[in-house]
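My notes follow in the order I looked things up.

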Amino acid sequence: MTNRSRLSYKLAFAARHPGQIVPYVRRVCVDAWLRAGRRDHVSYYRSVMKYKAAHNLDVAVGSRSHDQWVEFGQMQFDYLARHGLEPGDQVLEIGCGNLRAGRLLIRYLDPGHYYGVDISPEILVSAQQVISDDGLQDKLSNLTLVTDLTLEFLPPSYFDVVHANSVFTHCPIDIVEQSIASVGRVMAPGAFFDFTFYRADGDEYQVHHEDFYYRTETLTALAAKYGFTAELQDDWHDPWDNQPKLRLTRRTALSSLDPILVIQTPASTSFCVKHPDNLCN
Ligand SMILES: C[S@@+](CC[C@H](N)C(=O)[O-])C[C@H]1O[C@@H](n2cnc3c(N)ncnc32)[C@H](O)[C@@H]1O
């Protein structure tokens, strides 16, 4: 996979697409202006979303057109439906945007079963508009503005499905880690957490401070640090952005990577397995 932050990539791209040079320079200037005076990534990215939302809401959440917004929302919903989503499930969507997938989840789920969080007030206001345009008022969905992903205001062991599409693509690693660390607390037993990311095959890098490329190994190691097993979903194909999807589930069974100490107790011939998730006295 190409490293888009390299000068050689940028020069080759400019030679192939000369019409993109002016928009690129404009984007660099806008990025510098949006970053000026912003202390942390969330306030910077909030201003990116405000800027983009003022131009085009569908484009702001990563679609190239409204038709694509509709199509990509359907793809996300169909994927979860194929993976056993039930109307009675409690769903948390991190970085819900203007409900590209959320409106379909809200329609399908029982009232009060959809919870969306996002850092962008403009996007959440447009999400409310989508709910009224789609006639979903009686579903009583929750849309909450957040400034971080600690999720401290949400109940423990509550959500059956946690979903974050094209969100960690815009987050530095400390925010990704904060999210993975927090999600475990709010996941119900047997729940899963799906998220997509931009994959780097070599060095990890970022473009314009807003697109972050991670190695799969970095994310699976983070998941393991917080007690999850991470699996790449090979039945997910994003035809536009080529973002892979990782599914995190709570590690319950013994894994060959876990430290295991087998002790034979003196009083019997049985074995006691010492393991972080399964400590015997
Ligand atoms: C590319 S859009 C995708 C929106 C939605 N998931 C979808 O697929 O339509 C990324 C969204 O994530 C939100 N976002 C970015 N960083 C976030 C963070 N640290 N916490 C919560 N939301 C975040 C943005 O405001 C934006 O709405």
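First, the terms. Two strands pair if DSSP finds at least two bridges between them. Helices (H or I, at least four residues) and strands (E, at least two) are DSSP runs, numbered from the N terminus. I number residues from 1 along each chain as its sequence is written. The model is predicted, so I kept to its limits: local features need pLDDT of at least 70, side-chain atom pairs count only at pLDDT 80 or more, and totals for chains, interfaces and linings use all residues.

**Confidence.** I checked pLDDT, the predictor's confidence in each residue, from 0 to 100. The protein averages 88, and 89% of the residues score at least 70. Over residues 258-281 the pLDDT is below 50. That stretch still has 23 contacts in the model beyond near neighbours in sequence; a contact means C-beta atoms, placed from the backbone, within 7 Å. Where pLDDT is low, the predicted coordinates should not be read in detail.

**The sheet.** I traced seven strands in an open sheet, ordered β3-β2-β1-β4-β5-β10-β9, with mixed pairing. Which strands stand at the edges? They are β3 (142-145) and β9 (228-232); each has a single partner strand, so one side of each is left without a neighbour in the sheet. From one strand to the next, the twist averages 20 degrees. I then looked at β2 and β3, which pair in the parallel sense over four bridges. V117 stands opposite T144 in β3.

**Helices on the sheet.** For directions, axes are lines fitted to C-alpha atoms (for helices over the stretch in contact), and angles run from 0 to 180 degrees between N-to-C directions. Helix α7 (residues 121-133) packs on the sheet and touches β2 and β3. Its direction makes about 165 degrees with that of β3.

**Two helices.** How do α3 and α7 pack? Their angle is about 45 degrees, and their axes are 8 Å apart. I call α3 and α7 oblique to each other, because angles under 35 degrees count as roughly parallel, over 145 as roughly antiparallel, 65 to 115 as roughly perpendicular and the rest as oblique. M49, K50 and A53 of α3 meet E122, I123 and S126 of α7.

**The ligand.** I counted a residue as near if its C-beta atom, placed from the backbone, lies within 6 Å. 24 residues surround the ligand, and the closest are G95, G97, R100, S120 and N165. α3 (41-55) and β2 (114-118) each supply at least two residues of this shell. α3 gives the most, with three residues.

Notes
Two residues are in contact if their C-beta atoms, placed from the backbone, lie within 7 Å.
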